[in-house]
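Me: I would like to learn how to read the features of a protein model. Can we take them one by one, starting from a single residue?

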Amino acid sequence: MENRTITISGEAVKPGENKLLNINIDRLPTGTLIDIPVYVFNAKKPGPTILVQAGLHGDEINGIEIVRRMLAEKRFNIECGAVIAVPVLNIFGFIHFSRDVPDGKDVNRSFPGSKTGSMANRIAYHYVTEILNQIDFGIDLHTGGGQRHNFPQIRYTEEDQMSVSLAKVFNAPISFSSNLIAGSFRDAAFRLGKPTVVFEAGESMRFDDYSILEGMQGILNVLKHFRMISKIEPAYVERNKTVYLTGRKWLRAPTAGMFIPKITNGSEFKEGQEMGIVTDTFAKHEKPIKAPFDGLVCCVNHQAVVNQGDALFHIGYPE
């Protein structure tokens, strides 16, 4: 029995073939065409089709580097099934160092999209039509927005048991369920019955090697679980078990000033522990930020100067 054929933009990738294809989206005001490059690795033996995508937000470059390294290291040389790898989904955002497309819209709030809508809607529409309908599972790579640094974490859809299982196999340092957001890629995938997890690691426009290695390891864990690869050599990171968070909250700035964190991202803390301070520039006043419970830090804001109410720490408590 042979694997299925994958067709993108009218071009077929038969079992045993690997191809680089392009989905035509739009053109710049100069007339330059903009395509989404899509790598398809289709093994001869049947198996699941897994999508590995990055750059849905153009400034989230850690995910882009994860896919690039895996391509460069030939990590998608699979033995069964198929991998569809998309290094940069939002080309417009990438070339503008932006989360969004030039009209200010967020592609990840535009699914399932529209053939005749805004640029973000058309990107989402073509992506759903050309790719999403052909996959079995999805891995969506992201980073924290702005100067928020996410400790490597996997987010899954609690209502989708296969998404829960996929997160367990990925085995990121931190795992937790996350509500579906209307118009997001994960929401569109859920509605189509395509289990998807979101890997969040690092911050926008800044490479973080640990985050990159964690993402690569997680993807390889998934490929090995489905017997698409026989072994993982070398391993990038080793872990016995992910830490599940059952509840989360943001700790916010109690006043405006300079933010000095006093705890490392990804570390544990105790109730009442001082997590950081917000101080004025003249060393006359400072306000501590104290932990409301025992837990784990999963995100730290690296913005040095903050306003009252700004999110500073994303924290959670383990099972």
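Me: Is K74 buried or exposed?

Reply: A note on the model comes first. This is a predicted model, where local features need pLDDT of at least 70, side-chain atom pairs count only at pLDDT 80 or more, and totals for chains, interfaces and linings use all residues. Residues are numbered from 1 along each chain as its sequence is written, and side-chain values use heavy atoms, with hydrogens and water left out. Now the idea: buried means under 20% relative accessible area, exposed over 50%, and partly exposed in between, with a 1.4 Å probe and protein chains only. K74 has a relative accessible area of 59%, so K74 is exposed.

Me: Where does K74 lie?

Reply: Helices (H or I, at least four residues) and strands (E, at least two) are DSSP runs, numbered from the N terminus. K74 lies in the loop between α1 (61-72) and β6.

Me: Now contacts. What does G81 touch, leaving aside its neighbours within four places in sequence?

Reply: Contact means heavy atoms within 4.5 Å. With those neighbours left aside, G81 is in contact with N3, F41, N42, A43, K45, P46, G47, P48 and M228. G81 belongs to strand β6 (residues 80-86). Its relative accessibility is 0%, so G81 counts as buried. G81 and I50 are 31 residues apart in sequence, and their C-alpha atoms are 8.1 Å apart.

Me: Is D26 buried or exposed?

Reply: D26 has a relative accessible area of 18%, so D26 is buried. The residue is in strand β3 (residues 18-27). D26 touches T32, L33, I34, F92, M119 and R122, not counting residues up to four places away in sequence. D26 and I123 are 97 residues apart in sequence and 8.7 Å apart in space, C-alpha to C-alpha.

Me: Which residues have the most contacts inside the largest nonpolar core?

Reply: In soluble globular proteins, nonpolar side chains tend to be buried together. A nonpolar core is a set of buried Ala, Val, Leu, Ile, Met, Phe, Trp, Tyr and Cys residues joined through side-chain atoms within 4.5 Å. The largest has 73 residues, and I131 and I219 have the most contacts inside it. Apart from that core lies another of 16 residues, among them L251, I289, V297 and L312. Beyond four places in sequence, I131 is in contact with I8, I23, V38, L51, I84, V86 and H126.

Me: How many helices and strands does the protein have?

Reply: Six helices and 18 strands. The radius of gyration is taken over C-alpha atoms, and the globule rule is 2.2 Å times the number of residues to the power 0.38. The protein has a radius of 20 Å, close to the 20 Å from the rule for 319 residues, so it is as compact as a globular protein of that length. The C-alpha trace spans about 70 × 50 × 35 Å along its principal axes. Buried residues make up 54% of the 319 residues.
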